[in-house]
Amino acid sequence: EARKAEREAELRAKIRAAAAKRADAGLSHVHLSEKRDKKLAKYTVDKIPYPFTSREQYEQSIRHPLGKEWNTHKAHDELTRKRVTVAPGTIIEPMAKHRKAAQ
């Protein structure tokens with residue numbers, strides 16, 4: 001019976017240690033799920049996209065709303081305008097293959 005009590009004490013200690021490592025350890029009124037959300041995973045990126053040099057820059061650009069409800073008409077047009085414009089009927093030459101991509 002002493003052995004059983006010892007195992008239970010060890011188990012309680014492991015549970016307390018695991019609970020202390022949680023992100024919501026100090027918040028008694030909050031429970032944060034630490035599971036990976038598979039539906040949300042398709043919206044995350046592995047590395048920072050090209051024009052950005054830091055994670056903070058990328059996250060700041062995502063946080064900025066683009067809708068007409070939050071921006072003036074002029075600002076909305078500037079934020080959502082096309083980066084490259086081509087006149088109608090213009091023939092666009094295909095991109096040349098890179099040597100590494102061809103191999």
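**Exercise 1. Characterise the ion pair between Arg 22 and Asp 24, and state which network contains these residues.**

Step 1. A salt bridge links the side chains of Arg 22 and Asp 24, with an N to O distance of 2.9 Å. The criterion is a side-chain nitrogen of Lys or Arg within 4 Å of a carboxyl oxygen of Asp or Glu.

Step 2. The model is a predicted one, in which local features need pLDDT of at least 70 and side-chain atom pairs count only at pLDDT 80 or more, while totals for chains, interfaces and linings use all residues. Residues are numbered from 1 along each chain as its sequence is written, and side-chain values use heavy atoms, with hydrogens and water left out.

Step 3. Asp 24 has a relative accessible area of 7% and is therefore buried, whereas Arg 22, at 26%, is partly exposed. The classes are buried under 20% relative accessible area, exposed over 50%, and partly exposed in between, with a 1.4 Å probe and protein chains only.

**Exercise 2. Determine how many salt bridges the whole structure holds, and describe two that lie within helices.**

Step 1. Searching the whole structure gives five salt bridges.

Step 2. In one of them, the side chains of Glu 8 and Arg 12 meet at 3.5 Å, N to O. Both residues belong to helix 1 and are four residues apart, about one turn of the helix. Helices are DSSP runs (H or I, at least four residues) and strands likewise (E, at least two), numbered from the N terminus. Glu 8 is partly exposed at 36% relative accessibility, and Arg 12 is partly exposed at 46%.

Step 3. Another joins Arg 63 to Glu 59, whose closest N and O atoms are 3.6 Å apart. The relative accessibility of Arg 63 is 62%, so this residue counts as exposed; Glu 59, at 28%, counts as partly exposed. Arg 63 and Glu 59 both lie in helix 3 (residues 55–63), again with a spacing of four residues, about one turn of the helix.

Step 4. To complete the network asked for in Exercise 1, salt bridges with shared partners join Arg 22, Asp 24 and Glu 34 into one network.

**Exercise 3. Describe the surroundings of His 76: is this residue buried or exposed, and which residues does it touch?**

Step 1. His 76 is located in helix 4 (residues 73–80).

Step 2. Its relative accessible area is 12%, so His 76 is buried.

Step 3. Leaving aside residues up to four places away in sequence, His 76 touches Leu 66, Gly 67, Lys 68 and Asn 71. Contact here means heavy atoms within 4.5 Å.

Step 4. For Leu 66, the backbone oxygen lies 2.7 Å from a polar atom of the His 76 side chain.

**Exercise 4. Classify the geometry of the aromatic pair in the structure.**

Step 1. A pair of aromatic rings is described by the distance of the centres and the angle of the planes.

Step 2. The structure holds one aromatic pair. Phe 52 and Tyr 58 form this pair, with 5.3 Å from centre to centre and 65° between the planes, an edge-to-face arrangement. Rings of Phe, Tyr and Trp (its six-membered ring) pair if their centres lie within 6.5 Å; planes under 30 degrees apart count as stacked, over 60 as edge-to-face and the rest as tilted.

Step 3. Tyr 58 is buried at 19% relative accessibility, while Phe 52 is partly exposed at 25%.

Terms used. Polar contact = N/O pair within 3.5 Å; in protein donor to acceptor, adjacent residues only side chain to side chain.
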